[in-house]
Amino acid sequence: CQEDDPTIAPNVETYNAVIKAWTRRGDAKTSFHHSLQTFERMRDNGVIPNERTYSLLLYTLANSAIPDAADHGENLFKLMRREAQLSGTVTPTSNTYTQYMTILSK
């Protein structure tokens with residue numbers, strides 16, 4: 001399979017599966033870095049993230065030892081809310097809020 005083959009393209013579920021796989025790696029700091037790279041690649045490829053995408057990213061961040069996790073979490077949450085206002089396709093769920101509150105409470 002070639003990356004530029006238009007008949008085979010990853011969708012939001014494919015990217016979410018990759019992000020989820022990164023969340024299960026041992027080193028949470030590295031996991032967040034790779035999850036965020038996957039998220040950026042997803043958006044660059046025109047795939048719109050859903051609430052599961054954001055919840056996974058926030059979960060990874062909540063379980064990391066990144067010193068500025070609250071800043072990253074706030075940026076992700078703001079981005080999600082902005083996309084919700086623009087497209088109406090992404091709505092924070094109770095899980096999204098739970099992950100965000102976990103980040104802010106650390």
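Reply: In this predicted model, H4 packs with helix H5 (residues 94-104) at an angle of about 155°. Their axes are 8 Å apart. An angle over 145 degrees counts as roughly antiparallel, so H4 and H5 are roughly antiparallel to each other. Their crossing is left-handed. On the H4 side, the contact is made by Ala69, Ala70, Gly73, Glu74, Phe77, Met80 and Arg81. H5 brings Thr96, Tyr97, Tyr100, Ile103 and Leu104. By class, eight of these residues are nonpolar, two polar and two charged.

H3 also belongs in this picture. The buried residues of H3 pack against H4 and H5, and against helix H1 (12-23) and helix H2 (28-44) as well. H3 is mostly covered, with nine of its 12 residues buried. Those nine are Thr53, Tyr54, Ser55, Leu56, Leu57, Leu58, Thr60, Leu61 and Ala62. From first C-alpha to last, H3 reaches 16 Å, close to the 16 Å expected at 1.5 Å a residue.

Between helix H3 (51-62) and helix H4 (69-87) runs a loop that holds Ile66. Ile66 has a relative accessible area of 11% and is therefore buried, the cut-off being under 20%. Leaving aside neighbours within four places in sequence, Ile66 is in contact with Lys29, Phe32, Leu61 and His72. Of these, Leu61 is also one of the buried residues of H3. Lys29 is 37 residues from Ile66 in sequence, but the two are 6.1 Å apart in space, C-alpha to C-alpha.

Conventions:
Residues numbered from 1 in each chain as written. Predicted model: local features only at pLDDT ≥ 70, side-chain atom pairs only at ≥ 80, totals over all residues. Heavy atoms only, no water. Helix = DSSP H or I, 4+ residues; strand = E, 2+ residues; numbered from the N terminus. Buried < 20%, exposed > 50% of the residue type's maximum accessible area, 1.4 Å probe, protein only. Contact = heavy atoms within 4.5 Å. Axes fitted to C-alpha atoms, helices over the stretch in contact; angles between N-to-C directions. Parallel < 35°, antiparallel > 145°, perpendicular 65-115°, else oblique. Left-handed = near helix turned anticlockwise from the far one by under 90°. Nonpolar A, V, L, I, M, F, W, Y, C, P; charged D, E, K, R; others polar. Expected span 1.5 Å × (residues − 1).
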